[in-house]
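User: I want to learn how to read the features of a model like this one. Can you take me through it step by step?

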Amino acid sequence: VMSDSLKNVVRAVTQPGKALTLTAILGVITIHIFALIAFYFFRGSFWNEDAAQNECSTMLKCFSTFLHNGVLYGGGIGDYASGELGNVVNVNIDGQFAARTFYDLLYFVLVLILLLNIIFG
């Protein structure tokens with residue numbers, strides 16, 4: 001004996017279940033691609049002084065860092081690397097500033113704005 005309101009809530013989640021699952025898989029794949037790029041090109045940006053370890057020392061650790069911290073921090077993975085870890089992008093190194101800025105901005109737009117808005121409706 002469920003109320004009509006409760007039935008509508010359950011139906012709203014179960015009917016588009018396949019679409020929500022596919023969108024979540026797309027999000028995980030997108031975050032994995034960004035973690036791959038960081039693992040190969042920006043690994044030094046994820047050195048954690050407090051724990052004396054690199055957050056991207058292995059691909060699995062890099063992916064889990066991106067999946068957890070990249071989504072939770074308001075500015076994305078760039079906010080985590082610059083704010084929490086204190087690894088600010090060095091302006092003096094040729095190309096690093098432009099590459100990291102473009103990378104962080106692309107992560108922010110694709111993952112935090114587009115994908116999360118698609119998932120949350």
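**Reading helix packing, charge pairs and surface**

Analyst: We start with a helix contact. I77, G78, A81 and S82 in α4 meet R100, Y103, D104 and Y107 in α5. Keep in mind that this is a predicted model.

User: At what angle do helix α4 and α5 pack?

Analyst: Helix α4 covers residues 77–84. Its angle with α5 is about 125°, and the two axes are 7 Å apart.

User: How do the axes of α2 and α5 cross?

Analyst: Apply the angle rule again. Helix α5 spans residues 96–120, and α2 spans residues 17–41. Their axes come within 10 Å and cross at roughly 170°. Angles over 145 degrees count as roughly antiparallel, so α2 is roughly antiparallel to α5. On the α2 side, the contact residues include L20, T23, A24, L26, G27, T30 and I37. On the α5 side, among them are Y103, L106, Y107, L110 and I119.

User: Now charges. How many salt bridges does the structure hold?

Analyst: The general idea comes first. Side chains of opposite charge can pair when their charged atoms come close. This structure holds one salt bridge. The side chains of R100 and D104 form it, at 3.0 Å from N to O.

User: Where do R100 and D104 sit, and how are they separated in helix α5?

Analyst: Both belong to helix α5, four residues apart, so about one helical turn separates them.

User: Are R100 and D104 buried or exposed?

Analyst: Both are buried. That class requires under 20% relative accessible area.

User: Next, the surface. Which residues make the nonpolar surface patch?

Analyst: L22, I25, I29, I33, I37, Y40 and F41 make it, and its area is about 730 Å². Take I37 as one example. I37 lies in helix α2. Its relative accessible area is 32%, so I37 is partly exposed. I37 is also listed in the contact with α5.

User: How does L60 count by relative accessibility?

Analyst: L60 is in helix α3, residues 59–72. The exposed class starts over 50%. L60 has 66% relative accessibility, so it counts as exposed.

User: What separates the C-alpha atoms of L60 and L36?

Analyst: Compare chain spacing with spatial distance. L60 and L36 are 24 residues apart along the chain, and their C-alpha atoms are separated by 9.8 Å.

Technical notes:
Residues numbered from 1 in each chain as written. Predicted model: local features only at pLDDT ≥ 70, side-chain atom pairs only at ≥ 80, totals over all residues. Heavy atoms only, no water. Patch = residues over 30% accessible without salt bridge, like charges linked within 9 Å, V, L, I, M, F, W, Y side chains within 5 Å. Areas by Shrake-Rupley, 256 points an atom, 1.4 Å probe, with all protein chains shown as cover. Salt bridge = Lys/Arg side-chain N within 4 Å of Asp/Glu carboxyl O. Helix = DSSP H or I, 4+ residues; strand = E, 2+ residues; numbered from the N terminus. Buried < 20%, exposed > 50% of the residue type's maximum accessible area, 1.4 Å probe, protein only. Axes fitted to C-alpha atoms, helices over the stretch in contact; angles between N-to-C directions. Parallel < 35°, antiparallel > 145°, perpendicular 65-115°, else oblique. Contact = heavy atoms within 4.5 Å.
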